[in-house]
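Student: I'd like to learn how to read a model like this one. Could we go through it feature by feature?

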Amino acid sequence: MTAGGSHRGAPENRHEQAEETAAARPRPGPTSPRPPRAHVAVLQGFVGSVLMFVGSIGTGWIASGSPMVRNPLVIALRVEGWGVYCSTVLLTVGAMLLVRSWLRLGQRLQGWPAGAHRTVLLAVCAWSLPLLFAVPIYSRDVYAYIGQGRLMLADQNPYTTGISTLENWFMLGADPAWAEARTPYGPYFLWAARAVVALTGAQPDLSVLLFRLLACAGVLLCVVYVPRLAQLHGVDPARALWIAVANPLFLISFVASAHNDALMLGLAVAGTYAAATGRPIAGVLLVTASIAIKPITILLLPFIGLLWAGPKASWGRKFGLWAATATLSFGVLLLSGLPYQLGTGWVWALVDPTPGFTGYSPSGFLSQRVDHLADAVGLPGAQLASALRSALQYTAIGLVLLLMFRGDDRQLVRRLGLAFAAVVLLSPIIQPWYILWFLPFLAATGIKDNWQIRSLYIVITFFVIFGAQDQLSVWPFMELPVDASTIAFVTALAFTAYLILLDPHTRHLLVRGGPVRWLARRRPRR
C-alpha cells in the first residue's frame, strides 16, 4: 500500500486492498495496536545522512584551493583506492537508505494522525543536519556562485563575462563549463553572491556554508508555506510536507548541493500563498523576488494575476489585473537592475536557453529514438529529432496558455503547478532538481495514492541513483580497477532491487500487491 492518507485512488479489488493495508500498517500487538513508531524511520534517515556526510569527504566536490585537501584523512580517502571505494559505497548506501526512510516514514504515518506534522518536520531537520556540513555532492554549481560573486566584486557583469577572467577561478572548484558562460541568475542572487564573497574573501569552504544557509532559507519557506497552501486545498499538511520537502531529492539538491533554486522556490511558494489568501501585492512582490533569484518563475505571474482577480472574475478584470501584475513585477525588476549596472541581462536565460538535451528527459529520449529510426530508413534523423524537441517546447507553451485561460478558478494553484510541470517535463534539458520546481504546488493541491504517488517514488529514486553515480569527484590521476561510478551504480541498483523484491515493507509501493503477485496475475491462463 502506498504511503499517504488523503486523495486515495480506488483499489483494484478488496483482496488486494486488504493485503496492501496489512503490509503497510504496523502489526498489532496481542492486546492493543502498536504505535506507528515513526521515530524509527526518522532515525534510519539520519543514519543515511551521516553516511552521506562521511562518503562526501572522499567523493564530494572539494575545491583545489581548500585547506581540506591537505588533511591526512581526506588525502587517504581521495588518493587510496580503498578510500575512494569506501566513500563511494557509503555515499550511495546513505542516499538509498534516505530513500527507504522517506518511504517508511510515509507508511508509518499512514492515516496522518495528530502529531504527524511535527514528526515530518523532525525528519526534515534530522536528515538535513549532516548534509549541511557535507562536502558538496550531486553538483558543484555552488562553486560557480563563488565565481559570480567575485565578478560582482570586481565590477564585472556576469551577464556578459565568464568567470575565466578571474585569477585562480579553477582553484575555487567551478566546473570548466562555467568558464565562458553567462550567468542565468537574477540580480538578487548576484547581490547575495557578492555579499557572500565579500564576507568570506572567496574562501571556498566558508563560502559553500553561507550559500547553503541561503538555500536553507528557501527550504524553511517551503516548510512554512507548503502545509499552509495544502490546508487551503483540503489536503493534509503533513502529507504535503512529506511529499514536497522531506523527500531525499529535495534535501540532497537544496541542502547538500546548495542550489539557489531552493530560495527561488521558497519565495515562489510564499508568494503563491500570499496571493491565494487575499494579499495579491505581497504575492506579486514575493514572486518577483523569486524571479530575481532565477527567472524561470516568471511563469507564475499570470496565475498570480488570476488569484488577484478572484473566482468568477470577468475577462476584463482578469486582463486588467494581468496588466497590473506585469507592470508591478517588471517595474520592480527594472529598478533592481540599476545597482551595479546589471540591467535586464537575466532575460537571456528565458529567450536563449541552453542548447542540447538530456537523454532521460521525455523530449531527449523520444528525439533520440526518432533520430535512430529516421537514420535507419534514410531520413534526416538529426533534423527530425530537433523538430520534435521544438514541437514539444511549443506544446508546453500551448498547455500553459490553456491552463491560463481554461479551468476551475478554485484550482488556480493546481493549474499553476500543472503549467510549471508542462514546461519542465517537455523541455529538452531536465536537471534532477528541476522536478522539485513544481512538486510543492502539486503536493499542496493533492497527489493521489495511485499511479501519481508511484510515479513520484520512481522519479525520486531514479534521480537519487543518477546523481550518486554521475556526480562523483575522483581525481583524474587515480587508476582504479573499476570506476567509482560503476561501483555506485551497482550498489544503488542492488539496494533498489532489495526495496522492490525483498523488503517486506517497501516491495508493495511500486507494484500493487508486490512484484511476485503482479507477475502471477499476468501469466496467461491455461
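Tutor: Let's begin with a term: a helix here is a DSSP run of H or I with at least four residues, and helices are numbered from the N terminus. Keep in mind that this is a predicted model. Met152, for instance, has its place in helix H6, residues 141-153.

Student: How many helices and strands does the chain have?

Tutor: The chain comes to 23 helices and zero strands. Of its 526 residues, 54% are buried. Take contacts between residues at least 6 apart in sequence: 73% of those join residues at least 24 apart.

Student: Back to Met152, then. Is Met152 buried or exposed?

Tutor: The cut-off for buried is under 20% relative accessible area. Met152 has 2%, so it counts as buried. Skipping neighbours within four places in sequence, its contacts are Pro158, Leu190, Trp191, Arg194, Tyr340 and Leu342. Leu190 is 38 residues away along the chain, yet the C-alpha atoms of Met152 and Leu190 are 7.3 Å apart.

Student: And what does Leu221 look like by comparison?

Tutor: Leu221 sits in helix H8. Its relative accessible area is 23%, so Leu221 is partly exposed. With neighbours within four places set aside, Leu221 touches Val226, Gly266 and Leu267. There's also a C-alpha separation of 6.6 Å between Leu221 and Ala270, which are 49 residues apart along the chain.

Student: How many residues of H18 are buried?

Tutor: Eleven of the 14, so H18 is mostly covered. Among them are Leu412, Leu416, Phe420 and Val424, and also Arg414 and Arg415. The cover over these buried residues includes helices H8, H11, H13, H17, H19 and H20.

Student: Which helices each supply at least two residues to the lining of the second largest pocket?

Tutor: H18 (412-425), H19 (435-445) and H20 (451-470) do. H20 gives the most, with eight residues. The pocket has a volume of about 520 Å³ and a lining of 20 residues, with Leu425, Phe438, Ser455, Leu456 and Val459 nearest its centre. By class, that lining has 17 nonpolar, two polar and one charged residues.

Student: What should I look for in the backbone angles?

Tutor: Most residues other than glycine have a negative phi. Ala258 is in the loop between H10 and H11, and at 2% relative accessible area it is buried. Gln341 also has a positive phi, near 55 degrees. Gln341 lies in the loop between H14 and H15, and with a relative accessible area of 65% it is exposed.

Student: Last one: how many disulfides does the structure hold?

Tutor: A disulfide is a covalent bond between the sulfur atoms of two cysteines. The structure holds zero of them. As for individual cysteines, Cys86 is partly exposed at 40% relative accessibility, whereas Cys222 is buried at 0%.

How values were computed
Residues are numbered from 1 along each chain as its sequence is written. This is a predicted model: local features need pLDDT of at least 70, side-chain atom pairs count only at pLDDT 80 or more; totals for chains, interfaces and linings use all residues. Side-chain values use heavy atoms; hydrogens and water are left out. On a 1 Å grid over the protein atoms alone, a cavity is a set of points where a 1.4 Å probe fits but cannot get out, and a pocket is an open set with protein on both sides within 12 Å along at least five of seven lines; lining residues have an atom within 4 Å of a point. Grid points are joined across faces, edges and corners, and a volume is the space filled by probe spheres set on the points. Ala, Val, Leu, Ile, Met, Phe, Trp, Tyr, Cys and Pro count as nonpolar, Asp, Glu, Lys and Arg as charged, and the others, Gly among them, as polar. A disulfide is a pair of cysteine sulfur atoms within 2.5 Å. Buried means under 20% relative accessible area, exposed over 50%, partly exposed in between (1.4 Å probe, protein chains only). Contact means heavy atoms within 4.5 Å.
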